[in-house]
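Here is my note on this model.

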Amino acid sequence: FMLSKCDYIVCTFSSQICRLAYEIMQAYHVDASMSYYSLDDIYYFGGQQSHNVRAIESHKKRNKKEISFKAGDLVGIAGNEKDGTSVGSVLHTSKIGIFPSYKVEDETLVADFPIYPAVL
């Protein structure tokens, strides 16, 4: 409970305690999606839509395990490794591999909600 009252948390989502603290944080902040950093895993829940990130810097693969992408490319992320890399696939090429996590940022989907002028 006390961890969820922090302005920013750094922890491991694989521990489930961090995931719980983050979920409780959502009750205290309008949007806490930029108020955490997980050292080992991405936030997920069962049945969720795919988790995409956008490349903010190009990356050229350096070995067979890595993938290349250009700034602006959309990458489907499958998880974080514990060494500063993530696993994912470049959506327009379907190539799967690892890449430096710092070269991407979360792609936020914004949904339009209906406006009800009669409700104040």
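1. Is Ser 4 buried or exposed? Ser 4 counts as buried because its relative accessibility is 1%. Buried means under 20% relative accessible area, exposed over 50%, and partly exposed in between (1.4 Å probe, protein chains only). Ser 4 sits in the segment before strand S1 (9-11). Strands are DSSP runs (E, at least two residues), numbered from the N terminus.

2. On the source: this is a predicted model, where local features need pLDDT of at least 70, side-chain atom pairs count only at pLDDT 80 or more, and totals for chains, interfaces and linings use all residues. Residues are numbered from 1 along each chain as its sequence is written, and side-chain values use heavy atoms, without hydrogens and water.

3. C-alpha to C-alpha, Ser 4 and Val 87 are 28 Å apart in space. In sequence they are 83 residues apart.

4. Leu 39 lies in the loop between strand S2 (36-38) and strand S3 (52-55). Leu 39 counts as partly exposed because its relative accessibility is 48%.

5. The second largest pocket holds about 570 Å³ of space. Its lining has 27 residues, and the closest to the centre are Tyr 37, Asn 80, Ser 101, Val 104 and Asp 106. S2, strand S4 (74-80), strand S5 (85-90) and strand S7 (104-106) each give two or more residues to this lining. A pocket is an open set of points on a 1 Å grid over the protein atoms alone, where a 1.4 Å probe fits, with protein on both sides within 12 Å along at least five of seven lines; lining residues have an atom within 4 Å of a point. The volume is the space filled by probe spheres set on the points.

Notes
Helices (H or I, at least four residues) and strands (E, at least two) are DSSP runs, numbered from the N terminus.
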